Amino acid sequence: MQGTAADIDGQYAWYRLGVSILLATIGCAGMWIVVVVMPEVQAEFGIDRAQASLPFTATMIGFAAGNVIVGRAIDRMGYFLPALVASMALSAGLILASLSATSWQFSLAQGALIGLGSSEMFGPLIADISHWFRKRRGLAVTAAASGNYLSGAIWPIIMPNLMESYGWRGAYAAIGVFCAVTMVPLLLMLRRRIDHNVAMSASAQQQTQSIAAISPRALQALLVIAGFGCCMAMSMPQVHIVAYCMDLGYGIARGSEMLSLMLVGGVVSRLVSGVVADRIGGI
């Protein structure tokens, strides 16, 4: 089904945004539960903290590569099919990670499948939703981006309870099945495509051209550098807060709550920045 100009900023656009946020909240689970299980993985495989951090590093490498690979596929085929394949990779990765016999197998499942599969729920999802909004594009984009942080706020709270009942391996397998069962129906709701020429009117194109004082490639390079610097600063507390709370004797549950609280703050900041961007512009 093809989207029309009437869909932009309309009821369907807000419906699509709601589904997108829910998808991101579910689909980014693998990025955050790996932080919660780090102490358990370290103890079970008999490795040090640096080695126990490698699965998250692998996840982020797969996530970065997936944003480019899946994003390129979405440019050619639309969001639905590439996102469906990525979702299946995510679910398979979670289940395979639960069967890992070594830390390297666990890292491989996190990077090659979970990281790549999770990528569809960030950059490609944000790019897709931007085509459906014009008046509230800043809010829509940041709301879609907030799904990633909502995932980080919710899953670390759920994970300790699952681990207490089923162990970290059982929790991983259960979440893998849950992702497959829930994400496919949600993706079916996003089969509608929109022509990029419809999404950007002539006036919007002129506005973009007047704002951009540098080439798109140079602007993208600057954004990559800015994003790298920003996320380098955030990664240390986000990745190690649960294990650090364990070291201090507070336990996994308290550490998970700390991580969740940090990411709730991220949700608020993203939404506020989106509202501000709609009022005064992104720059």
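Buried means under 20% relative accessible area, exposed means over 50%, and partly exposed covers what is in between (1.4 Å probe, protein chains only). By that scale aspartate 9 is partly exposed, because its relative accessible area is 22%. Welcome to a short tour of a predicted model, in which local features need pLDDT of at least 70, side-chain atom pairs count only at pLDDT 80 or more, and totals for chains, interfaces and linings use all residues. Residues are numbered from 1 along each chain as its sequence is written, and side-chain values use heavy atoms, with hydrogens and water left out.

**Salt bridges**

- A salt bridge here is a side-chain nitrogen of Lys or Arg within 4 Å of a carboxyl oxygen of Asp or Glu. Side chains of opposite charge can pair when their charged atoms come close.
- By this rule the model has five salt bridges, and three of them are described below.
- Arginine 192 pairs with aspartate 7, with 3.4 Å between the closest N and O atoms. Arginine 192 sits in the loop between α8 and β2 (193–194) and aspartate 7 in the loop between β1 (2–3) and α1 (11–27), so the bridge ties together parts 185 residues apart in sequence. Aspartate 7 counts as buried because its relative accessibility is 13%.
- Arginine 16 and aspartate 128 form another salt bridge, their closest N and O atoms being 3.0 Å apart. This pair links distant parts of the chain, 112 residues apart, with arginine 16 in helix α1 and aspartate 128 in helix α7. Both arginine 16 and aspartate 128 are buried.
- Arginine 49 meets aspartate 247 in a salt bridge at 3.1 Å, N to O. Arginine 49 belongs to helix α4 and aspartate 247 to helix α11 (residues 216–247), so parts of the chain 198 residues apart in sequence are tied together. Arginine 49 itself is partly exposed, with a relative accessible area of 26%.
- For the element names used throughout, helices (H or I, at least four residues) and strands (E, at least two) are DSSP runs, numbered from the N terminus.

**Surface patches**

- Patches are built from residues with over 30% relative accessible area and no salt bridge; like charges are joined within 9 Å, and nonpolar side chains (Val, Leu, Ile, Met, Phe, Trp, Tyr) within 5 Å. Accessible areas come from the Shrake-Rupley method with a 1.4 Å probe, and for residues only the protein chains shown count as cover.
- Arg134, Lys135, Arg136 and Arg279 form a positive surface patch. Lys and Arg count as positive and Asp and Glu as negative, while His and the chain ends are not counted. The place of a charge is taken as NZ of Lys, CZ of Arg, CG of Asp or CD of Glu.
- Lysine 135 is exposed, because its relative accessibility is 63%.
- A nonpolar surface patch of about 450 Å² is made by Ile95, Leu96, Leu99, Val177 and Val181. Helices α5 (80–98) and α8 each supply at least two of its residues.
- Leucine 96, a member of that patch, is found in helix α5 and counts as partly exposed at 45% relative accessibility.

**Buried helix positions and their contacts**

- Contact means heavy atoms within 4.5 Å.
- Threonine 59 is placed in helix α4 (residues 49–77) and is buried, with a relative accessible area of 0%. Leaving aside neighbours within four places in sequence, threonine 59 is in contact with Met31, Gln110, Gly111 and Gly115.
- Alanine 83 in helix α5 is buried at 0% relative accessibility. Not counting residues up to four places away in sequence, alanine 83 touches Glu120 and Leu187.
- Serine 146 belongs to helix α8 and is buried at 2% relative accessibility. Beyond its neighbours within four places in sequence, serine 146 is in contact with Val267, Arg270 and Leu271.

**Distances and a backbone angle**

- Alanine 83 and glutamine 110 are 27 residues apart in sequence and 18 Å apart in space, C-alpha to C-alpha.
- Alanine 92, in helix α5, is partly exposed at 32% relative accessibility. The C-alpha atoms of alanine 92 and threonine 182 are separated by 14 Å, and the two residues are 90 residues apart along the chain.
- Back at aspartate 9, which is found in the loop between β1 and α1, phi is near 65°, a positive value in a residue other than glycine.
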